Every structure is written in structure tokens, then in C-alpha cells.
Amino acid sequence: MGLIKDTAYVMLSNIISVGVNFFYYPILVRLYGFTSDIFGNFQYIGSTLGVITAYSVLAMDIAYISERKKHSKIEQSEFLIWFLIIGILIKSISVISWAIITKDMFFGTMGIILGIPQLISVSIQLLLKDEKKFKFLSLMIAIQAISNVFFGILIGFFLQNSLCLILASSLSFVVSVVII
């Protein structure tokens, strides 16, 4: 595939993701009365996990992709296993440490619930990038955005708090990985 076509796929999926999320939060506010505190708590967890994710994979993703060779299935499997073991271990220790330091056990629990599926999703996206399957990568991003909204609206019927947003986001990572 050409660079322009691959870029177009990824750009389209990002536009879909942004568009879907643009309407998602107002829908939750209108349907279920979600408050700014709920969104703020969710953003706090998401932002902190973003920072933790950035260092928990130790730039292994960049090093793996930057190799100029085609990786065999065995190399991909070995990399995936080590990527997940190291990433989950560092991320879990970091989330639990942060929860202890801030005395926020809700963050510790929700960080693990959201963080591990997020890391699995990142690893699958990394393999798709390595194989130059940008069409599937784009589809995965779009599925994740749409399923996040679906699960948020569904779970929001039962839970009107940040747990709803965390579960919806976590499930959307799982669904996008399973479908792809």
C-alpha cells in the first residue's frame, strides 16, 4: 500500500474517533445527567495512565517498529509476549504505587481495569503497524471509538459515575482486539 492510502485510512479512523467522542459526552450528560466531576475523574485516570503507558513499554514499540526487516511470526510472538509481560508489570506497579502515594485506591483498581486492556490494544496496534496493515489498524481504531460509545450508553443506564466511563473504555479495547 502507498503512504498516501495508509495515511488516509489512519486519518479517517481518527476523524471517526474524534467525531464519535465529540457527541459521546454530551449524550451521557443529556441522558443520564453525568456531571463534570465524573468526567474529571475519568480524565484524571486516563491522563495518568497515558503518562504511565508512555514509560511502561520502555520505548520497545519504537525499537521494534524501527527495525528495517520483516519480522517472522515467531519474532512477533516473542516480542508480543515480552512487550505484554514487561508492560503489564511496570504499568501495574506504577498504578499501584501511584494509588498508594495518593491514597486513592479507586484509582488503583480502575487503573488496572483500564490499563491492561489498553496495553493489549496498543500491542495489537503495534503488530498491525509492523505488518503495514493500516486498513486493519484504522478499522480497529474506529471499532474502539464506536464500541466505547455503545458500552458507555449501555452501562450508563445502570451506573452514572466514572466507573461507567472506565468500564466502557476498557470493554472497547477488548472488543476492538477481539474483532480484529
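Predicted model: local features only at pLDDT ≥ 70, side-chain atom pairs only at ≥ 80, totals over all residues.
Is T53 buried or exposed? T53 is buried, and I read off a relative accessible area of 12%. The cut-off for buried is under 20%, so T53 qualifies.

I placed T53 in helix α2. Then I picked K129, which is 76 residues away from T53 along the chain, and checked the C-alpha atoms: 18 Å separates them.

**Entry: P117**

Next I looked up P117, and found this proline in helix α5. P117 counts as buried, at 12% relative accessibility.

**Entry: I120**

Where does I120 lie? I found I120 in helix α5. I120 has a relative accessible area of 30%, so I logged I120 as partly exposed. Buried would need a value under 20% and exposed one over 50%, which is why 30% gets the in-between label. I also checked I120 against S176: they are 56 residues apart along the chain, and their C-alpha atoms are 10 Å apart.

**Entry: K5**

I moved to helix α1, where K5 lies. K5 is partly exposed, at 47% relative accessible area. K5 and K135 are 130 residues apart along the chain, yet I find 9.0 Å between their C-alpha atoms.

**Entry: how α4 and α5 pack**

Two packed helices are described by the angle between their axes and the distance between the axes. I took α4, residues 73-102, with α5 to start. Their axes are 9 Å apart and the packing angle is about 160°. That makes α4 roughly antiparallel to α5, because angles over 145 degrees fall in that class. I noted the crossing of α4 and α5 as right-handed. What sort of residues make up the contact of α4 with α5? By class I have 18 nonpolar, eight polar and two charged.

**Entry: how α5 and α6 pack**

I did the α5 and α6 pair next. The axes come within 8 Å and cross at roughly 155°. α5 and α6 are therefore roughly antiparallel to each other. The handedness I wrote down for α5 passing α6 is left-handed, whereas α4 and α5 cross in a right-handed way.

**Entry: two lysines with positive phi**

Most residues other than glycine have a negative phi, and most peptide bonds are trans. With that in mind I looked up two lysines in loops. K103 is in the loop between α4 and α5. The phi of K103 is near 55°, a positive value in a residue that is not glycine. Is K103 buried or exposed? K103 counts as exposed, at 75% relative accessibility.

K132 sits in the loop between α5 and α6. K132 also isn't a glycine, and its phi is positive, at about 60°. K132 is exposed too, with a relative accessible area of 52%. The cut-off for exposed is over 50%, so K132 makes it into that class.

**Entry: the largest pocket**

Rolling a probe the size of a water molecule over the atoms shows where empty space is left. I wanted the volume of the largest pocket, and it comes to about 450 Å³.

I then checked which elements give two or more residues to the lining. These are α1 (3-32), α2 (36-56), α5 (105-130), α6 (134-156) and α7 (162-179). α5 gives the largest share of the lining, with five residues.

How many residues of the lining of the largest pocket are polar? I have 13 polar, seven nonpolar and no charged.

**Entry: recap on α5**

Helix α5 kept turning up in my notes. Helix α5 packs against α4 at an angle of about 160°, and α5 crosses α6 at roughly 155°. α5 also holds P117 and I120, and α5 gives five residues to the lining of the largest pocket.

Key
Residues numbered from 1 in each chain as written. Heavy atoms only, no water. 1 Å grid on protein atoms, 1.4 Å probe; cavity = no way out; pocket = protein on both sides within 12 Å on 5 of 7 lines; lining within 4 Å. Points joined across faces, edges and corners; volume = space filled by probe spheres on them. Helix = DSSP H or I, 4+ residues; strand = E, 2+ residues; numbered from the N terminus. Nonpolar A, V, L, I, M, F, W, Y, C, P; charged D, E, K, R; others polar. Axes fitted to C-alpha atoms, helices over the stretch in contact; angles between N-to-C directions. Parallel < 35°, antiparallel > 145°, perpendicular 65-115°, else oblique. Left-handed = near helix turned anticlockwise from the far one by under 90°. Buried < 20%, exposed > 50% of the residue type's maximum accessible area, 1.4 Å probe, protein only.
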